[in-house]
Amino acid sequence: MAFDKNQFAEIIEEFKVDGTRLHEVAADFRYDLRKGLENPDESSLRMLKSYVGLPTGEETGEYLALDFGGTNVRVLRIRLDGHGKFEVLKKVAKPLRVEGVYDFVGEGSTAEQQFDFIAELVDEAIEGDHTTKYLLGHTFSFPSEQTDLYNAKLIIWTKEFATAGVEGKVVNDLLKEALHRQGIDNVEPTAVINDTVAVLLAAAYKQADTYIGSIYATGHNTCYFEPFKGKAERPMILNLESGGFMKLAPNRFDAEFDAQSEKPGEQRLEKMVSGRYMGELFGMAIAELLGEKGKKYGFTSIDMSNIILDETAGLTEVGRIVSAKTGHDLEEVDRQRLQELASALVVRSARLVTATYVGIIWQLAGDDAIKKQHIAIDGSVYEKMPLAKENIMRALSELLGESASLVDTVLENGGSGLGAAIAAAMSQKQA
Ligand code: BGC
């Protein structure tokens, strides 16, 4: 069965973000940012305070870093040597869910089970040493309301997490209690930060002129350093929870996917751009093309990456992947179309994400010229997805014109761990 040419063209069109729309998204994002600074209730951005500023680069000492942001949880022992230098002394990692074995992220799991599992991992990282005192920085990559650097309450799970009894709780209290249950009283959690904040701290620890930190991976979000110029407010990093940005033009796939998701109506930008969701949207469009609307094939962003990268004659790799997932053998012309569809989804994602970065850059510049700066980004989509980086650069040029030469993006790999250690070090200064 061959795809309907017109139906395919129409679907591709749905995933396009033209130049006008790109400008609109950047301007709308800036508007929400400005509104959010005045009154967060009037903005689709949560603008969460982190109670941490930028590091000096001189932070030193040995710390524990907990990186809890996806199904893979990591605990690291890190020594900060100052001048942007550091060494990872120990790293342990475990998934919170192993299909058919255990599951600490699904609806059936509880906060105690989840944090007991994490406390065991902390124990591994300190090799059972229950005497040496450690400060622990916790990168917790979900929207949390903070009142200070320690006290962060989970507002709402994202990324399809559903563990009971964590929403509304102070996550470091849950961690502390779990550590105590296991006799680990020498580890003191002192800081909670979002992963975007961790990325910004890690990047700014190494180089100046970095004010924006972003995650472009399974989930998506961005933070920036707000100077609160002319205001009584202490300058600090704000976690925008930009994945919740709403002023978008979702197409019918976005709308349908949102309606079926764990949290309909939430995280609209994230559901259009991040790795967790792109594969699903891709699969929904394929189901329509195959006349099997509503069928789920389980495409992932890794499948999309392999599809885009296929350079074989006849696109045999595309054929193999699609046949394995859908049970259909496609003609070459349709394999090409699916390569085009995967590319269109990635290009849309990169353009929307870039528009949000530019919204922040415009807001930071105000009436002044745009400053030379780096945008620090971590995450598999940015790092590995073909077409992502080049389309970010292209969209930056489209939006910023000549000033685009002042802005570059840098990969801050593993920023979540390093950033948590830096936050722990910074928590001492605040105490
Ligand atoms: C969360 C953010 C996080 C992002 C990247 C989103 O789902 O709401 O807090 O920064 O994922 O991990």
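**Close-up views of the predicted model**

**View A. Q146 is in contact with K49, S50, Y51, N151, A152, V192 and I193, leaving aside its neighbours within four places in sequence.** Contact means heavy atoms within 4.5 Å. The model is predicted: local features need pLDDT of at least 70, side-chain atom pairs count only at pLDDT 80 or more, and totals for chains, interfaces and linings use all residues. Residues are numbered from 1 along each chain as its sequence is written, and side-chain values use heavy atoms, without hydrogens or water. Q146 belongs to strand β8, residues 144-146. Helices (H or I, at least four residues) and strands (E, at least two) are DSSP runs, numbered from the N terminus. Q146 is buried at 10% relative accessible area. Buried means under 20%, exposed over 50% and partly exposed in between, with a 1.4 Å probe and protein chains only. The side chain of Q146 reaches two backbone oxygens: that of D148 at 3.0 Å and that of V192 at 3.3 Å. V192 is also on the contact list of Q146.

**View B. T163 sits in the loop between β9 (152-154) and α4 (171-181).** T163 is buried, with a relative accessible area of 3%. Its side chain makes a polar contact of 3.2 Å with the side chain of S109. A polar contact is a pair of N or O atoms within 3.5 Å; within protein, one must be able to donate a hydrogen and the other to accept it, and residues adjacent in sequence count only if both atoms are side-chain atoms. Beyond four places in sequence, T163 is in contact with F104, V105, G106, S109, T110, A111, Q114 and W157.

**View C. An open sheet of six strands runs in the order β1-β13-β12-β11-β14-β15, with mixed pairing.** Its edge strands are β1 (48-49) and β15 (407-411), and each pairs on one side only. Two strands pair if DSSP finds at least two bridges between them. Strands β11 (210-216) and β12 (220-226) pair in the antiparallel sense over five bridges. I215 stands opposite N221 in β12. Helix α11 lies across β11, β12, β14 (373-378) and β15, running at about 155° to β11. Axes are lines fitted to C-alpha atoms, for helices over the stretch in contact, and angles run from 0 to 180 degrees between N-to-C directions.

**View D. The axes of α9 and α10 come within 8 Å and cross at roughly 150°.** The two helices are therefore roughly antiparallel to each other. In the contact between them, D303, N306 and I307 of α9 meet E317, V318, I321, V322 and K325 of α10. Angles over 145 degrees count as roughly antiparallel, under 35 as roughly parallel, 65 to 115 as roughly perpendicular and the rest as oblique. Helix α9 (301-309) has S301, D303, M304, S305, I307 and I308 as its buried residues. Their cover includes α8 (275-289), α10 (316-326), α11 (332-365) and α12 (380-384).

**View E. A425 lies in helix α14, residues 415-430.** A425 counts as buried at 6% relative accessibility. Not counting residues up to four places away in sequence, A425 touches E59, Y63 and L80. An unreviewed UniProt entry places "domain: Hexokinase C-terminal" at residues 212-426. Over residues 212-426 the chain is 53% helix and 13% strand, and the end C-alpha atoms are 19 Å apart.

Definitions and conventions:
UniProt positions renumbered as here; feature names shortened; annotations may be inferred.
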